[in-house]
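Me: I'd like to go through this one and ask what stands behind each label. Could you set the values against the cut-offs as we go?

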Amino acid sequence: MKIVIIGSGNVAYHLAKAFTQNNIKVSQIFGRNEVELNKISEELNIPYSTKELADADLYLISVSDSAVEQVSDLIKTEKALVAHTSGSLPIETLNGDYRKASFYPLQTFSKTKNLDYSKIPFFIEAENQIDEKSLFELASLISDNVETSDYEKRKYIHLTAVFACNFVNHLFARAKEIADSQDLDFNYFIPLIDETVEKIHHLEPKSAQTGPAVRGDERILKLHEELINDEEHLKIYKLMNDSIKKMYSK
């Protein structure tokens, strides 16, 4: 199977790396950002192009959701299988006469962070069982956790991921702003963050909740509000505590 990856961002890089580490040949990586493509090419020894899209049996489109439809227009090989890697788009977003699919890895990707690809869940969707089986087998060469999933399930997987990852990381960033404003070393809080995440390997998140809001400690909540002099931080603090109170008042 000739594989071409379209994109030069975090997901494209890690897919290319995962394939390479598992002896799956990538024929080309294609995109607009020549600087990033060249970095990937040099590291993983994969040919790249910004101009001519190579023929392939499988095209994996790993670009921003807003660009998937436009990029999919570039593929003119009708016999090809084309899959996007988005969690939130239906396969009908792909705009061509080729076979359509989704190849969604459930993970947060940064180029500078190494990952154990065998632990990443992959969710596969295709228009027919033959393509579904082919993509399932390909993903299984990378990961020990592969499932089929229709769009209805996949879009809720992605929504849950935004809560579990993107929102949580944003709170880390806001916490660091508070720490920085008081010249506190953010490394103080890393063991706390690690333990918070570790606990939900063993406990339901709802059971693992601690803090003044779940205890109903209004004195501490008021004290914290008085300490916060940033309007955005105060809004977040009140919103999160109100949500915690509602969850545990049931």
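Me: Which residues of H4 are buried, and what does buried mean?
Reply: In H4, the buried ones are Asp131, Leu135, Leu138 and Ala139. Buried means under 20% relative accessible area, exposed means over 50%, and partly exposed is what falls in between (1.4 Å probe, protein chains only). Bear in mind that this is a predicted model, where local features need pLDDT of at least 70, side-chain atom pairs count only at pLDDT 80 or more, and totals for chains, interfaces and linings use all residues. Residues are numbered from 1 along each chain as its sequence is written, and side-chain values use heavy atoms, leaving out hydrogens and water.

Me: How do you know that the buried residues of H4 line one face?
Reply: Seen down the axis of H4, they fall within an arc of 95°, so they line one face of the helix. The arc is that of the directions from the helix axis to the C-beta atoms. On the other side of H4, Gln129, Ile130 and Lys133 are exposed.

Me: What makes the span of H4 agree with that of a helix?
Reply: The expected span is 1.5 Å times one less than the number of residues. H4 (residues 129-140) has 12 residues and should span 16 Å; its end C-alpha atoms are 16 Å apart, so the two agree. Helices here are DSSP runs of H or I with at least four residues, strands are runs of E with at least two, and both are numbered from the N terminus.

Me: And what about the span of H1?
Reply: H1 also has 12 residues, and reaches 16 Å from its first C-alpha to its last, close to the 16 Å expected.

Me: What covers the buried residues of H1?
Reply: The cover includes strand E1 (3-6), helix H2 (34-44), strand E4 (58-61), strand E6 (99-105), strand E7 (122-126) and H4. Among the buried residues of H1 are Tyr13, His14, Lys17 and Phe19.

Me: Why is serine 72 called buried?
Reply: The relative accessible area of serine 72 is 0%, so serine 72 falls under the 20% limit. Serine 72 belongs to helix H3 (residues 68-72). Not counting residues up to four places away in sequence, serine 72 touches Ile61, Thr93, Leu94, Asn95 and Tyr98.

Me: What makes the phi of asparagine 23 stand out?
Reply: Most residues other than glycine have a negative phi. Asparagine 23 has a positive value, near 60°. Asparagine 23 lies in the loop between H1 and strand E2 (28-30).

Me: Why is asparagine 23 called exposed?
Reply: Asparagine 23 has a relative accessible area of 74%, which is over 50%, so asparagine 23 counts as exposed.

Me: What about asparagine 45, buried or exposed?
Reply: Asparagine 45 is at 70%, so asparagine 45 is exposed too. Asparagine 45 is found in the loop between H2 and strand E3 (48-49), and its phi is also positive, near 60°.

Me: How much of the chain is buried?
Reply: Buried residues make up 38% of the 250 residues in the chain.

Note on methods
Contact means heavy atoms within 4.5 Å.
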